[in-house]
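Me: I am new to this structure and would like a close look at a single part of it. Could you take me through the charged side chains that pair up, and then say where else charge gathers?

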Amino acid sequence: MTGNHKDKSITRRRALAVTGGTVAAGGLAVAGYQAAFADTATTTAEEATTASASASESSGCMTLMSSVTEGPYYLDGALVRKDITEGKSGVPLTLRLTVVDATDGCTPVKGAAVEIWHCDAWGYYSGYTTANPGGSAPAESEDGSTADDDTYLRGYQIANANGVVKFETIFPGWYTPRTCHIHLKVHTGGQKEDGTYEGGKVNHTGQLFFDDTIAEEIFTLEPYSKHSGSYTTLDDDMVYDGGGASSGLLTLEAVHKKDPSKGYKGFLTVAVDPDAENTGAGGGGGGGTPPGDAPSGAPGDAPSGTQSASASS
């Protein structure tokens with residue numbers, strides 16, 4: 001499933017971009033399928049990989065790059081939780097992110113709240129389940145899950161002493177005209193309250209991306225294959241700027257190399273300025289205004305992402 005079709009009839013909205021933190025990736029250790037969703041301690045191999053990646057990235061993470069749009073599907077009040085699937089079906093994805101302070105030698109940012117949200121296997125977001133993802137897809141209600149239509153595939157995790165958070169989710173699907181991606185924000189200065197995260201400020205707003213070859217293989221599997229149409233590759237995406245890890249491209253490792261349905265692990269280090277405030281929902285930032293970001297039927301007009309020159313990896 002390849003292609004670079006972009007629906008230019010999609011409505012547009014003002015560009016939303018502000019400066020944020022450099023994102024850089026490291027290696028990833030292979031783990032068993034059970035580990036992909038098991039609530040267990042981090043393996044020794046993963047810890048070693050994290051330490052090695054942090055050391056190799058420290059010389060480059062002092063240079064910041066721009067954040068990108070938060071997109072049209074952001075909702076306040078996501079829950080603090082590790083598993084955000086709520087029974088949504090798809091290929092398991094364990095996402096491991098390390099937050100470091102780019103202004104202080106890339107030291108871990110203990111207590112940072114990392115928030116993520118993304119679409120389901122057919123391209124639907126919770127809170128906006130009637131928005132058409134483009135192409136041909138079943139209605140979101142046909143997936144058979146018991147997921148809450150207002151909360152699935154959204155959540156916070158609080159960074160530990162090493163700046164690490166870990167989410168259990170599924171590989172996202174896609175919607176026209178975007179490539180496969182996950183949204184994220186890094187918050188500091190707030191606290192957990194009533195099951196969510198309150199107060200503080202947003203230091204970074206970004207998006208995480210997936211290798212085309214892996215994504216296209218995943219999309220041949222159930223339930224993804226029920227969504228047909230033209231998938232936008234990385235080269236043709238309006239937000240991804242081609243910078244690899246420094247632009248949010250995840251390092252991925254299959255749990256079982258010969259069976260992608262068993263799941264993947266993704267790894268990335270996010271370097272932020274804890275004194276900055278970059279929500280992704282206001283003006284600022286350099287670059288031009290690319291096409292809109294939302295599928296048809298999305299709330300209002302779609303924001304679009306802009307980026308300044310990429311930082312060094």
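Reply: In this predicted model, K88 and E140 form a salt bridge in which the closest N and O atoms are 2.7 Å apart. This pair links distant parts of the chain, since K88 sits in the loop between α2 (44-57) and β3 (92-101), while E140 belongs to the loop between β5 (113-117) and β6 (154-158), 52 residues apart. K88 counts as buried because its relative accessible area is 6%, under the 20% that marks the limit for buried residues, and E140, with a relative accessible area of 5%, is buried as well.

K88 also meets the side chain of D143 in a salt bridge, with 2.6 Å from N to O. D143 lies in the loop between β5 and β6 and K88 in the loop between α2 and β3, so this pair ties together parts that are 55 residues apart in sequence. Through salt bridges that share partners, K88, D120, E140 and D143 are joined into one network.

The structure holds 7 salt bridges, and one of them brings together the side chains of R81 and E86, at 2.8 Å from N to O. R81 has a relative accessibility of 16% and therefore counts as buried.

As for charge elsewhere, D76, E193, D194 and E198 gather on the surface in a patch of negative charge. Of these residues, E198 is found in strand β9, which covers residues 196-209, and E198 counts as partly exposed because its relative accessibility is 38%.

Terms used: Residues numbered from 1 in each chain as written. Predicted model: local features only at pLDDT ≥ 70, side-chain atom pairs only at ≥ 80, totals over all residues. Heavy atoms only, no water. Patch = residues over 30% accessible without salt bridge, like charges linked within 9 Å, V, L, I, M, F, W, Y side chains within 5 Å. Areas by Shrake-Rupley, 256 points an atom, 1.4 Å probe, with all protein chains shown as cover. Salt bridge = Lys/Arg side-chain N within 4 Å of Asp/Glu carboxyl O. Lys, Arg positive; Asp, Glu negative; His and termini not counted. Charge placed at Lys NZ, Arg CZ, Asp CG, Glu CD. Helix = DSSP H or I, 4+ residues; strand = E, 2+ residues; numbered from the N terminus. Buried < 20%, exposed > 50% of the residue type's maximum accessible area, 1.4 Å probe, protein only.
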